[in-house]
Amino acid sequence: MSATEPSTPTDSARGLSSAEAARRLQQYGPNALEEKKVSFIRMLLGYFWGPIPWMIEVAAILSALVRHWPDFFIIIALLIFNAGVGFWQEFTASNAVEALKKELAQKARVLRDGAWKLIDASGLVPGDIVRIRLGDVVPADARIVDGAYLSVDQSALTGESLPVTKQKGEEIFSGTVVKQGEVLAEVTATGKNTRFGKTAGLVEQAKTVSHFQKAVLTIGDYLIYVSVVLVIILVLVQLHRHAPWLDLIQFALILTVASIPVAMPAVLSMTMAVGAMLLSKKKAIVTRLESIEEMASMDILCSDKTGTLTQNKLTLGEVSTFKADDDQEVLLMASLASRAENRDAIDEAVMQGLKDQSRLQSYTQTNFIPFDPVRKRTEATVRDADGNTFLVTKGAPQVIMDMADLSEADRKRADQVVNDFAAQGYRALGVGMKKEKDDSWTFLGILSLFDPPREDSAETIARARRYGVDIKMVTGDNLAIARQISAKLGLGTDILRSDILPVQDTGLAARASIGAQVEKADGFAEVFPEHKYAIVKILQGRNHITGMTGDGVNDAPALKQADVGIAVSGATDAARAAADLVLTSPGLSVIITAIEEARRIFERMNSYAVYRISETIRIMFFVVLAMIFFNFYPITAIMIILLAFLNDVPIMAIAYDHTGLEKRPVRWDMKQVIVVATSMGIVGLLGSFGMLLIAIDWLHLDVSQVQTYVFLKMAVAGHLVLFVARTKEHFWKRPWPAPIMVWSAVITKIAGTLLARYGFGFITPISWPEIALIWTYSILSALVTDIVKVQVYRLLRNRTGKHRDFLKNIKNPFTPDNFPVHRK
């Protein structure tokens, strides 16, 4: 028996039984591509291989060669600790991503035990009967068994640029996207046996690195270069002084490891994963972790009207009759042009308006063509109780009117009815019927449907504006409806018709000519999906970080092009696959929550960058300069390792920290980070030398006690710098740090203090009064660092503000108010 064909034909009226489906699932396996997963052991061992682990391992070998066994065991402990922390972070982040993937699992409508069910597509087996319609991603290879036709986009599989029409008896392939039509199909192959599964092994998906990640990794590279240069200088000077080379190389390696940002990848992935999990609980699922950063910079959001700004609960309004006897006849024919199981919002509103639902039982729907954006109508072939066959249709009034042979008076009246409905914010729906013997359609009447704004939309839009995000409404409705709804939402009434937008990529010149209009507009009406792509390109061309919402299959290009593509609640599989953020609840408020969280994540990463640079300057420059000028190790190799232990835990807590919320879109400001971090680092460097001079010249401590002194000072001051760096204001102001961050710092500081007091065989102990002096000095040093930090931020803000004002003044100096004019 073939792996791609069911053993026996399936009864298309009942489908497979649950028992048979379970048996075939066991036989053929799940309908999913096999993922190559790295084993836990291999993942863990990977943390012992690479430039950083090599440095630590060489340092351990050197310690063993010179028989410094305490150093050796602590270095090995550091190696295992770093590997354990990195492994745990990666494991946690990958689990978070897996959980999000499960929430986004593709669904399939399948006939089992004579009833239609919605199941995960991975549960499909050969022989299943599935319903496939507009917007679906075909879940498995299948053969069409019922339905007029299906238009599918096979470009992802075959490279064909145009959709291909498939008819009854023909094969459709997994991963292709349905553009038009609705059919029943019998699954013929699943998982790795599908056409897509056989070719998927040849395709590798490129991973993109976001702007913010690039900036943070650039900082990491910068710190590595600085550390290596300083270590080389140190080694050359000490070799000139004939220092023992084994001890020197061991110290240099450990100093380098302690100074470069070993924890940066773990902090990045953990912060992103924590943010993504938080958003998933708030009904927003992140499909690409890096997109969280783009959301922090987003300054324009183009939002769909229906279901996002409005309730998407269409209510039947007035009915205007033409050739129908009464309102109920119009609603009956409109109901026959609907399909209840599709649960379409318009279909449900129409059918609920029919008072006597039993009238539908006298008719049989023999064929149904669903709505698509091109035809703009549904159509059904219906047979009545007497065996007479006729066609019914409902859709855009202009389309139905063009199909019917209306008199000039009726056409004028119909146009007026549509305009009157539009002025009230109602959507108009034309209804027509065509008997078998008739040559033309009969125009029965016009229904009005009203989709009221969501109760929270106006407040959400106001919140977005307070955060510096401009909302632009995008709708397929006509201009009158768009203006009416836009005014109700407080968006404004400067709505552009889509006909000014290019539907093809016509180049920079064409986009620039209408760029100012698009940028200024409050929204866009009569929009087709291809217009959304043009809107995104135009706004991006004007240096805006642009978000776009969408739900249909044709929205996918715009969602992919947008900096932040957002698939709204109820979106098609194709739209969800193209989006960066998938909403599982209706409304815009979830997006604003995502923006808030993205900006908090940005602040955490910004704090980490400032802290890491300032610490490298403070530690590296102090150790190297102290050895050059004082000719002794101000801190031992074993102390540097212990510092790395004590610093790693609070750093990991950054992912959970409470942060301030910027009121404007945030973008990476490398100059600000480097200037602030350098200023803090210089203050810390001066403070460390002050502490060293006190220990040598005032307290007259010997070298081993001075080293303990410096160790405790760096441990205490380093943690305090973390609290100073986490905010742009004074560190004692709100928002206060998260409890996990406070307690991790408190516990590690207590550990460092006890180690300095009692030594435990690793370091020379010092007295309680000396420890009290160090704590007092470190707290005062942190206060000075905080004051300098706040002043530097204020200076930079003032300069930025003056620069912005200057640009505003020179942007358009030739205004009428600047020159005298003669008036009659």
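Author: Strand β16 (residues 442-450) and β11 pair in the antiparallel sense over five bridges. Within that pairing, L316 has L449 in β16 as its bridge partner. Helices (H or I, at least four residues) and strands (E, at least two) are DSSP runs, numbered from the N terminus, and two strands pair if DSSP finds at least two bridges between them.

Reader: What kind of model is this, a predicted one or another kind?

Author: This is a predicted model, in which local features need pLDDT of at least 70 and side-chain atom pairs count only at pLDDT 80 or more, while totals for chains, interfaces and linings use all residues. Residues are numbered from 1 along each chain as its sequence is written, and side-chain values use heavy atoms, with hydrogens and water left out.

Reader: Which sheet do β11 and β16 belong to, and in what order do its strands come?

Author: They belong to an open sheet of six strands with antiparallel pairing, in the order β11-β16-β15-β14-β13-β12. The edge strands, each pairing on one side only, are β11 (315-321) and β12 (364-369). From one strand to the next the twist averages 25°. Axes here are lines fitted to C-alpha atoms, for helices over the stretch in contact, and angles run from 0 to 180 degrees between N-to-C directions.

Reader: Which helix packs on that sheet?

Author: Helix α14 (residues 408-423) does, touching β11, β15 (427-435) and β16, and its direction makes about 10° with that of β16. Contact means heavy atoms within 4.5 Å.

Reader: And the sheet of eight strands: what is its order?

Author: The order is β9-β22-β21-β20-β10-β17-β19-β18, in an open sheet with mixed pairing. Its edge strands are β9 (284-286) and β18 (495-497), each of which pairs on one side only. The twist averages 20° from one strand to the next. Strands of a sheet pair through backbone hydrogen bonds, either parallel or antiparallel.

Reader: In which sense do β21 and β22 pair?

Author: In the parallel sense: strand β21 (residues 564-567) and strand β22 (residues 581-583) pair over two bridges. I566 stands opposite L581 in β22.

Reader: Which helix lies across β18?

Author: Helix α16 (residues 479-489) lies across β17 (470-474), β18 and β19 (523-525), and runs at about 165° to β18.

Reader: Let us change topic. How many salt bridges does the structure hold?

Author: The structure holds 29 salt bridges. A salt bridge is a side-chain nitrogen of Lys or Arg within 4 Å of a carboxyl oxygen of Asp or Glu. One of them joins K532 and D304, with the closest N and O atoms 2.7 Å apart. That pair links distant parts of the chain, 228 residues apart, with K532 in helix α18 (residues 529-541) and D304 in strand β10 (residues 300-304).

Reader: Are K532 and D304 buried or exposed?

Author: K532 and D304 are both buried. Buried means under 20% relative accessible area, exposed over 50%, and partly exposed in between (1.4 Å probe, protein chains only).

Reader: What about K789 and D786: where do they lie?

Author: Both lie in helix α26 (residues 768-811), three residues apart, about one turn of the helix.

Reader: On to the surface. Which residues form the nonpolar patch?

Author: The patch on the surface consists of W743, V746, I747, I750, L754, Y758, F760, F762 and W768, with about 940 Å² of accessible area together. Patches are made of residues with over 30% relative accessible area and no salt bridge: like charges are joined within 9 Å, nonpolar side chains (Val, Leu, Ile, Met, Phe, Trp, Tyr) within 5 Å. Accessible areas come from the Shrake-Rupley method with a 1.4 Å probe; for residues, only the protein chains shown count as cover.

Reader: Which helix gives the most to the patch?

Author: Helix α25 (residues 739-758) does, with six residues. L754 is found in helix α25.

Reader: Why does L754 count as partly exposed?

Author: L754 counts as partly exposed because its relative accessibility is 35%.

Reader: Finally, what does L720 touch?

Author: Not counting residues up to four places away in sequence, L720 touches K749, S778, I779 and A782. L720 lies in helix α24 (residues 703-725) and is buried, with a relative accessible area of 17%.
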